[in-house]
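Here's a quick briefing to read with the model open beside you.

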Amino acid sequence: MDGQRVVIVTFDSAQILDVAGPLEVFSTATRLVPPACYEVELASLGGGQVRSSSGLEFATSHLDEVQGPVDTLVVAGGRDMDDVSADPDLLAQLRRLAADSRRVASVCSGAFLLAAAGLLDGRRAVTHWDECRRLARSYPDVAVDPDADVYKRQDRTDQAGRDQRRLHPAAGRE
């Protein structure tokens, strides 16, 4: 493996944008920025086909088979985050991979998985604008900032879904 290894962790009911967005960013960077070279792998707890919240299915590696080191671990968000965040096997796999990753990131509600795994304890974080209060209530050891677009500190990065908020007229904010 010659490039920087990126593992995107997904699950049934993940939002396809949370998977395809980072996948395209790393793919495009590899094509357009010559020094960049990313090798991206999609992984899920059971491996095989995963059905996104929109119904689109895609292939994944089995999370048990993913070994470090990992340059960037990305955790997707989606529907049913309470159920997904309560899966002890998934949380254990996230902790295992995060320990051998240079940086760890989540997209939107993927922050709930990082928080449930204890990976955001004592850190500042952000999630989808509509879920910030719930994240703060559910995980009091995480300093949730609803006004941030992205938090990057040390080796953890969270993205807030700010673009969706700008497009949603009921949000009441820019």
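F26 counts as buried, because its relative accessibility is 12% (buried is under 20% relative accessible area, exposed over 50%, partly exposed in between, with a 1.4 Å probe and protein chains only). Keep in mind that this is a predicted model, where local features need pLDDT of at least 70, side-chain atom pairs count only at pLDDT 80 or more, and totals for chains, interfaces and linings use all residues. Residues are numbered from 1 along each chain as its sequence is written, and side-chain values use heavy atoms, with hydrogens and water left out.

**Overall picture**
- The protein has six helices and 10 strands (DSSP runs numbered from the N terminus: helices are H or I with at least four residues, strands are E with at least two).
- Of its 174 residues, 47% count as buried.
- Take the contacts between residues at least 6 apart in sequence: 64% of them join residues at least 24 apart (contact means heavy atoms within 4.5 Å).
- The accessible surface comes to about 8,800 Å², and carbon and sulfur atoms hold 51% of that (areas are from the Shrake-Rupley method with a 1.4 Å probe; for residues, only the protein chains shown count as cover).

**Aromatic pairs**
- There are two aromatic pairs (rings of Phe, Tyr and Trp, using the six-membered ring for Trp, with centres within 6.5 Å; planes under 30 degrees apart are stacked, over 60 edge-to-face, the rest tilted).
- F26 and Y38 make an edge-to-face pair, because their ring centres are 4.8 Å apart and their planes sit at 65°.
- That pair links distant parts of the chain, with F26 in helix α1 (residues 16–32) and Y38 in strand β2 (residues 38–44), 12 residues apart.
- F112 and Y139 are also edge-to-face, at 6.4 Å centre to centre and 70° between the planes.
- Here F112 comes from helix α4 (residues 110–116) and Y139 from the loop between α5 (132–138) and β8 (143–144), 27 residues apart.
- F112 is buried, with a relative accessible area of 2%.

**Salt bridges**
- The structure holds six salt bridges (a side-chain nitrogen of Lys or Arg within 4 Å of a carboxyl oxygen of Asp or Glu).
- What does D71 form a salt bridge with? The partner is R102, with the closest N and O atoms 2.5 Å apart.
- D71 lies in strand β5 and R102 in strand β6 (residues 101–107), so the pair ties together parts 31 residues apart in sequence.
- D71 is buried at 11% relative accessible area, while R102 is partly exposed at 47%.
- Leaving out residues up to four places away in sequence, D71 touches Q4, R5, S101, R102 and R103.
- R134 forms a salt bridge with D82, the closest N and O atoms being 2.7 Å apart.
- R134 sits in helix α5 and D82 in helix α2 (residues 81–85), so this pair ties together parts 52 residues apart in sequence.
- R134 is partly exposed at 24% relative accessible area, and D82 is exposed at 53%.
- E131 forms a salt bridge with R134 too, with the closest N and O atoms 2.7 Å apart.
- E131 counts as partly exposed, at 22% relative accessibility.
- Salt bridges that share partners join D71, R102 and R103 into one network.

**A hairpin**
- Strands β3 (residues 48–51) and β4 (residues 57–62) pair in the antiparallel sense over four bridges (two strands pair if DSSP finds at least two bridges between them).
- G48 has T60 in β4 as its bridge partner.
- β3 and β4 form a hairpin with five residues between them, and G55 in the turn has a positive phi of about 100°.
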